[in-house]
Amino acid sequence: MNEMTQLNRLRSEVPRPDPTELRAEEQRLLSEIAAFGASPPARRAMRPPGRTYRLPDRPVGLRGILRVNLRTSLAIGVTATAITGIAYFAPLSPDRGSAVQVAPVAVSAVLQRAADTASERDEPAPRPGQFLAYELQVMFPVKLKEGGREVRYLDRSLLKVWLPVEGSPLDGGVMSSEHLKPKPFPGEPLPAEAGRREGGIGAPSKLTGYDIRPDHRRTDYAYLSRLPTDPAGMREHLYRGLEQDPLADYTAWGNVGSMITRAYMPAAQRAALFRAAGMIPGVETVNEAEDAAGRRGVAVAMVNKFGGVRHEYIFDPVTYLYLGERVVVVDAAAAGAPEGTLLTSTAQLKVEVVDHAPEVRTG
């Protein structure tokens, strides 16, 4: 195999953009070059609306704004604990994340394909009073006290979550869990508590806590089905309320995750969301990414420069179906873990509409 053949095969899993996409990206690049060469006031004037160059110290969205107890956090905010505390953790896993290929055209192509194929699948049509039932596999770090000292390990679970079609997830939401074999921190023994949890199955329980999201950040199907179906309108929704926020781009990226992770929307809104996500400055592609269930895909991602991590949304490389998300260290000093360390991962295995959530035992 010669060098040209190898070059042609490089990143072959990412679809080639069409000429229209290339021209659009060329214009965007030229605008950025012109803005960089302009004076500071002119530079600010030439930036796209909402564009900033700083990121917050952790992702936002559903996982960051729902305050719930430990059991509920497994169902709704499983990555919140991990992402919020990554700066305080030692190396979490020997798994290594793939190197990022910064390629705006490829980002556009991946999200465009995801948008184009959204309408090609059989769509559920849930009604008020019904539930969306999710099957998830998750991995996240746990820190606890054992024998008077702090110990850590990686918790792995299979979750089943039933969320009402309309209203807050706390209004009738139910969760059950099964603990899989945990993973130890590198160089540390597996805590006894972690071993005792393995194989444990939690009976269905009601989600508890409190939901402090503003109404326009709801993620129930009934609300999401009323959102705009055009990319410009959806982008405006992602940035709603962020006009004065210097972290608007990263906050918008977190909003994307809240709307596709443990949430479901009609194909028209989902296609608009993917196209709008491609408009967020700073989005990158990751050639190879693996979800918590071991399924391989291509990811679109944004780097949290202050937290030293890359937050990825993973898609199947053939069907462009959303698979899951993960957080990978890109800056060891900022994250407190070696570069490439996989901190958290999830896999969305199944979504279906059901008439009832399981009965919750009381008393």
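Predicted model: local features only at pLDDT ≥ 70, side-chain atom pairs only at ≥ 80, totals over all residues.
Me: Which element gives the largest share of the lining of the second largest pocket?

Reply: Two or more lining residues come from each of α11 (248-260), α12 and β13 (342-354). The largest share is four residues, and the element that gives them is β13.

Me: Are α11 and α12 roughly parallel or roughly antiparallel to each other?

Reply: The axes of α11 and α12 come within 11 Å and cross at roughly 155 degrees. Angles over 145 degrees count as roughly antiparallel. The two helices, α11 and α12, are therefore roughly antiparallel.

Me: Is the crossing of α11 and α12 left-handed or right-handed, and which residues of α12 make the contact?

Reply: The crossing of α11 and α12 is left-handed. On the α11 side, the contact is made by Trp253, Val256, Met259 and Ile260. By class, the contact of α11 with α12 has seven nonpolar, no polar and no charged residues. From α12, the contributors are Leu273, Phe274 and Ala277.

Me: How is α10 oriented to α12?

Reply: The axes of α10 (residues 231-238) and α12 (residues 267-277) come within 8 Å and cross at roughly 70 degrees. That angle makes the arrangement of α10 to α12 roughly perpendicular.

Me: How many residues of the contact of α10 with α12 are charged?

Reply: From α10, the contact takes in Pro231, Met234, Arg235 and Leu238. From α12, it takes in Gln269, Ala272, Leu273, Arg275 and Ala276. Six of the residues are nonpolar and one is polar, while the charged residues number two.

Me: At what angle do α10 and α11 pack, and how many polar residues does their contact have?

Reply: The axes of α10 and α11 are 9 Å apart, at an angle of about 105 degrees, and the helices are therefore roughly perpendicular. The contact is made by Met234, His237 and Leu238 of α10 and Ala252, Asn255, Val256 and Met259 of α11. By class, five residues are nonpolar, none is charged, and the number of polar residues is two.

Technical notes:
Residues numbered from 1 in each chain as written. Heavy atoms only, no water. Axes fitted to C-alpha atoms, helices over the stretch in contact; angles between N-to-C directions. Parallel < 35°, antiparallel > 145°, perpendicular 65-115°, else oblique. Contact = heavy atoms within 4.5 Å. Nonpolar A, V, L, I, M, F, W, Y, C, P; charged D, E, K, R; others polar. Left-handed = near helix turned anticlockwise from the far one by under 90°.
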